[in-house]
Amino acid sequence: MENNYIVSPSPHIHGGDSISKNMYGVLIALIPAFLVSLWFFGLGALIVTAVSVSACMLFEFLIQRFLFKKDPTLWDGSAILTGVLLAFNLPSNLPVWIILIGTLAAIGIGKMSFGGLGNNIFNPALVGRIFLLISFPAQMTTWPVPEALPMTYLDAETGATVLSILKGGSAELPGYVDMLTGHMGGSLGEVSAIALLIGLVYMLLRKIITWHIPVSILGTVLVFTGIMHLVNPVAYANPLVHLLSGGLLLGAIFMATDYVTSPMSKNGMIVYGIGIGILTTVIRLFGSYPEGVSFAIFIMNGLTPLINSYIKPKHFGGK
């Protein structure tokens, strides 16, 4: 005899999940990376993060209160998370006025222009990051050299990132220990692989995200960069260098897994992750930009509705 599924009238048992719970769960997972950024970038990391979070909350409040004419939802954690993720994608010496422009693009264009949380097509923090990268390429690609507890901001000493070194071949690459701990140039939240992986483990254990998107992205990059390295080890770096450098871990763990802009089904998530991995590899190896994660996630965000229409989750009670 087949199982019969009975759907009863409300009230139903609440699963315990909520927007605010998940948003603050992701923020907790970002704490290790934030602490590492404070250690290596000091005052700059604190200023960039504080300005980004404050401005995102302010712009969301103003838009909801005076344009949408509805009660602001600041404390659901989404604006705070957007501010933190945007800050993590910025150099720690970025001037305040540029950060403000980025937060306005993230909240005003990336989020609220689509109707607010749950309606946006693209990850708002990515919108802000890409907007600034296109508008202010010089400031967005000037990277402070990390030192233990530097109390500097705008006058920080700058240097090259691992990916820019790979493009230009002008200096020696940092060692794997430096890449794991964060002692290398880059955006303030992307430098420490260990800190980001701790956040991944936390979110997996708390079931805030599933493994499908991060593993499919990282696995795809590993396979394709590994193939290219085997074909020409002189021209193409070891795949571990690609996994541990740039914004790959930050993007795969915290940006691509955004609930609103990623596919609903597990198979769809894998297709989405493979697409991000392929695009990232192509841009890194053959494009003019050293980094391709942001553009890859942005493009696949736009393809998410198409993935959802062709790869649908099994309906309740379906075989």
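Author: The lining of the largest cavity divides into 13 nonpolar, 6 polar and 2 charged residues. Nonpolar here means Ala, Val, Leu, Ile, Met, Phe, Trp, Tyr, Cys and Pro, charged means Asp, Glu, Lys and Arg, and the others, Gly among them, are polar. This is a predicted model, in which local features need pLDDT of at least 70 and side-chain atom pairs pLDDT 80 or more, while totals for chains, interfaces and linings use all residues. Residues are numbered from 1 along each chain as its sequence is written, and side-chain values use heavy atoms, without hydrogens and water.

Reader: What counts as a cavity, and as lining?

Author: A cavity is a set of points on a 1 Å grid over the protein atoms alone where a 1.4 Å probe fits but cannot get out, and lining residues have an atom within 4 Å of a point.

Reader: How many cavities of 30 Å³ or more are there?

Author: The count comes to 2. The largest has a volume of about 260 Å³, a volume being the space filled by probe spheres set on the points, which are joined across faces, edges and corners.

Reader: Which residues lie nearest the centre of the largest cavity?

Author: M23, L81, L85, N123 and D258 do, out of 21 lining residues. Two or more lining residues come from each of α1 (19-41), α3, α5 (124-135) and α12 (248-255). Helices are DSSP runs of H or I, at least four residues long, numbered from the N terminus.

Reader: Which of those gives the most?

Author: α3, with 4 residues in the lining of the largest cavity.

Reader: What about the second largest cavity?

Author: Its volume is about 70 Å³. The residues around the second largest cavity are N89, L126, R129, E190, G247, L250, G251, M255, E291, V293, S294 and I297. Here α5, α12 and α14 (293-310) are the elements that supply two or more. By class, the lining of the second largest cavity has 5 nonpolar, 4 polar and 3 charged residues.

Reader: Back to α3. At what angle does it pack with α2?

Author: About 145 degrees, for α2 (residues 43-67) and α3 (residues 78-88), with the axes 8 Å apart. Axes are lines fitted to C-alpha atoms over the stretch in contact, and angles run from 0 to 180 degrees between N-to-C directions. On the α2 side, the contact (heavy atoms within 4.5 Å) is made by V48, T49, S52, V53, C56, M57 and E60. From α3 come S78, A79, I80, T82, G83, V84, L86 and A87.

Reader: What classes are those residues?

Author: In the contact of α2 with α3, 9 are nonpolar, 5 polar and 1 charged.

Reader: New topic. How many salt bridges are there?

Author: The whole structure has 2, a salt bridge being a side-chain nitrogen of Lys or Arg within 4 Å of a carboxyl oxygen of Asp or Glu. One joins the side chains of E60 and K111, at 2.7 Å from N to O.

Reader: Which parts does that pair tie together?

Author: E60 belongs to helix α2 and K111 to helix α4 (residues 96-111), so the pair ties together parts 51 residues apart in sequence.

Technical notes:
1 Å grid on protein atoms, 1.4 Å probe; cavity = no way out; pocket = protein on both sides within 12 Å on 5 of 7 lines; lining within 4 Å.
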